[in-house]
Every structure is written in C-alpha cells, then in structure tokens.
Amino acid sequence: MGIIAAYMVPHPPLIVPDVGRGSEERVRETINSYEAVAREIAELRPETIIITSPHATMYRDYFHISPGVGAEGDFGEFRAPKVAFDEVYDHELVNQITALAFEDDFPAGFEGERKKRLDHGTMVPLYFIRKYYSGGDIVRIGLSGLSLAEHYQLGIYIQKAVEALGRKAVFVASGDLSHKLQEDGPYGFAPEGPVYDQRIMDVAGRTAFGEMLDFDESFCDRAAECGHRSFVIMAGALDGVAVEAKVFSHQDVTGVGYGICSFHPKGEDAGRHFLQQRLQKVEEEREKADAYVQLARASMESYIRSGKRLKLKNLPEELRTGLPEEVFSRQAGAFVSIHKHGELRGCIGTIGPTTDCIAEEIVNNAISASTRDPRFSPITEDELKWLEVNVDILGEPEDIDSKEELDVKRYGVIVSCGARRGLLLPDLEGVDDVDTQVSIALRKGGIDPADDYHLQRFEVIRHK
C-alpha cells in the first residue's frame, strides 16, 4: 500500500492529563487537534505506525532505528507511572529499511541502542492514538547530527521499504517547534523563535517540503527548535508524491510552539523530488565554477577515487587552458573550503606559500581539506557529487596596530603570540563583527585574549 498519511505533531508531556493535572487546559486547542488526528488514524487502520522522535537514541553521524521485538515505557519521570505502553515493533520493516541503507552505505541501522524504553517523544503521540486504535505495530526512529538532506534521504529509504513490503503505514513526525517564544517561558525568548514557528507552519501548510531543506542550521539552533529534522524525514518519506495538507492548530501559550498538521498523498508528482532537484542545482553550480575551483576539485577527486596525486604536467588540456599563467608562476597562500549540504565538510590552507606555485598550493590543500582535516572523517567517493568547493588565494599579510583597522567583510585576520598563530578568513557566515572574528582566531591559535598578541590583516580573492 505505502504511506497513506503523515502527521506533524508535538510531544509535550503536559498534554497527558495525568501529567498536566489541569495545566493541560492551557493548550486545549492542541489537545483537541491531537484527538482529531488520533481518530483519523484509527479510521485509516494502518498496519504500521512509523514514529520519528528527537528523544529516541541519537548519534551525531548515524540514524538509530529501534531493534528487537518491542519496547515498554511509561510517564514515570513525569509523575504518571500508570500511563504505560507495551508496543510491538514491525521488525520486518525495520530490517527492510536497514537493508536498503546498507546497500548504499548510508548511516542508518539498529546498532548501538542506548535507550530501549520508549521516550516521551514517542509516547505522547501514542497516548492519543491508543485511545482510539490498538492495532498497528510501530517503528521508532531517532534523529542525528547529520545534514537536513541526509534526514530527507532517510525518509526516501523509509518510503521505499514500506512500498517494497506492501505495508499500509502512517508516518508520525514527532517534534515541538521553537522553545524560545516568550520571555517568561521556560527557555526564554529569542527573535528567531517566532520567525521559525511562522515559517515552518507556512511551509507545512503549503506542503513546500523542499523549503524545509533551506532552513539554516544556525537559525534553527537560535530558535531552539526540536522537531525540524523529524519533519524533514517525513518530507522525504513523501518524496515524489502530491500531498494535501491540513493545518489543525498552532499554539505558543507556554513559550514553546506546538503545531499539528496532516498530510494525505494524492498520487505521484514528478515535480516533488526535492532532494534530486537540490543535486541538480549543485551540479549546475559546479559547471559554472571557475578554473581555480575546478583544479581543486580535480585534485580532490583524483586522490579520493584512485589515491593518486594530480600532477600539474598531466593536467587535462581544457583545465590547463582555463587557468591563468599566474597560478604556475606566482606563489601565495591558499585555502580550500569544502561544503556539503551547506555545512562545512573540510577546510585546510596555508597562510603563506609552501610550494613553487599557486597551482601546487591548491592541489596540496584540496587533498588535505578532503582527507586530512582533523575535525572530519575523510570524504568518501559517494559524497563527491554533493560537494561545493571554494578556493581563497591570500594576499600578503599586513601588520596593523589595532582591531579598528579590520573589516570582517574585506580582511581576514592573523593573530600571533610567539609560535602560536590563528587565522580566520574574511566574509564568513556568522562572523559579523571584528570582536567575533578576532575571538575565533585567538581560539584557533590557542591564544588567551589576555596574552600580548600581534595582529595582521590580509585580503583574499575568493573563487567559487
């Protein structure tokens, strides 16, 4: 059958009466919406209920799918131990999702379980569903620290697994919205909070699932949202499908956003393969990249695919002719930055020249950025299609007397104290003022702000 409906729901324990003890009446609109969703699911009578929860087992670089026959749980930590659950897992569907991910070397599976008991992000939706429907095994899936695109891809695997087994399934994306909506709320206020809530409810109402991939990670962090990745997995599970949405409610009376929506498939729609469209956009941008970036990419791809270092004397003719003569005759420091799905995947550079020419500097640093950046695992061949590459050619550092001579958009900064040095490139996302720029450079160099350090500035030519 496939996924016959999907739901975006919150999971505040207080809406369970035994937990709320009367305080749940503040969010009566949310409770009424939840009841409507639960009755709808009961009418659909699914064989499987797939639940993604931010509070299930979570890893930075891996999606955990709960294994075994089933699991129990209760609201004991919320002073309501009598509200308990004993759920059976659809282990056949779990195995099918895992097998599809394994075939593509995608980081999802049932290894490394840390939280066998059901979490409240799973139990709150089940509390309402089980009031009206006792059937249907469940699949419980945690989120990860991976990119939004990879969460969407997991949803695609779920869709394929459901269809391969012919399951009649509903998808429940559990997650609160922003936790920073009111000054007197439990988490305080941030201006990004109301913006996030308005934006995600608008996207959900329009079923503009591709736009879920465009939410900036730092914006989501500042908004202190809870469920965005859960919603993105749901979007992936409806990839290539026309969807009809219904917005039941949105409340923010507790300082935390609670949104409830339903999504009903209406047949295939070739225009809604949002991850594929994103890949096409990356490929188009790659074709427009200048020769410096093409050299860095060629170096990186040669090393990752074959373990062979790119030789300048053996450059393809179309690449050599596109490069200006100065890259072979002039020396300079260079940085190669690699991003995947909008997130940094590697960045290595040299403050000054370490080779005979700029071209050699780019070749070396492209290899280092892709395979030797200590912050990341080496880039794999499967990732190459998603990567965006920038090359920065550094000008000569210039001594300055104070921070007043810096401009974060125009100049990079080098801070030095004895043998310790820290560098930060100019015009970086999230670095909007000089104090922040210098602070990061000091931290990178292991220099205490109280130390007697020396400042230099430099300009760059950025190639994309």
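This is a predicted model: local features need pLDDT of at least 70, side-chain atom pairs count only at pLDDT 80 or more; totals for chains, interfaces and linings use all residues.

Q: What volume does the second largest pocket have, and which residues are closest to its centre?

A: The space in the second largest pocket is about 280 Å³. Its lining consists of 15 residues, and those closest to the centre are Asp176, His179, Tyr187, Val256 and Tyr258.

Q: How many disulfides does a search of the whole structure find?

A: In general, a disulfide joins the sulfur atoms of two cysteines covalently. Here the search of the whole structure returns zero disulfides. Take Cys226: the closest cysteine sulfur, in Cys220, is 12 Å from its own sulfur, which is too far for a bond, since a disulfide requires the two sulfur atoms to lie within 2.5 Å. Cys261 is likewise in no disulfide, the nearest cysteine sulfur being that of Cys226, 15 Å away.

Q: Are Cys226 and Cys261 buried or exposed?

A: Cys226 has a relative accessible area of 15% and is therefore buried, because the cut-off for that class is under 20%. Cys261, at 0% relative accessibility, also counts as buried.

Q: How many salt bridges does the whole structure contain, and where in the chain do Glu360 and Arg309 lie?

A: The search finds 29 salt bridges. In one of them, the side chains of Glu360 and Arg309 meet at 2.0 Å, N to O. This pair links distant parts of the chain, 51 residues apart: Glu360 belongs to helix H13 (residues 358-371), whereas Arg309 sits in the loop between helix H10 (291-306) and helix H11 (317-322). Arg309 is partly exposed, at a relative accessible area of 31%.

Q: Which parts does the pair Lys340 and Glu383 tie together?

A: The side chains of Lys340 and Glu383 form a salt bridge of 3.0 Å, N to O. Lys340 lies in strand S11 (residues 334-340) and Glu383 in the loop between H13 and strand S13 (387-394), so the pair connects parts that are 43 residues apart in sequence. Both Lys340 and Glu383 are buried. Glu150, Lys340, Arg345 and Glu383 are linked in a network of salt bridges.

Q: What are the relative accessible areas of Glu459 and Arg410?

A: Glu459 and Arg410 also meet through their side chains in a salt bridge, at 2.9 Å, N to O. Glu459 is partly exposed, with a relative accessible area of 39%, and Arg410 is partly exposed, with 45%.

Technical notes: Residues are numbered from 1 along each chain as its sequence is written. Side-chain values use heavy atoms; hydrogens and water are left out. On a 1 Å grid over the protein atoms alone, a cavity is a set of points where a 1.4 Å probe fits but cannot get out, and a pocket is an open set with protein on both sides within 12 Å along at least five of seven lines; lining residues have an atom within 4 Å of a point. Grid points are joined across faces, edges and corners, and a volume is the space filled by probe spheres set on the points. Buried means under 20% relative accessible area, exposed over 50%, partly exposed in between (1.4 Å probe, protein chains only). A salt bridge is a side-chain nitrogen of Lys or Arg within 4 Å of a carboxyl oxygen of Asp or Glu. Helices (H or I, at least four residues) and strands (E, at least two) are DSSP runs, numbered from the N terminus.
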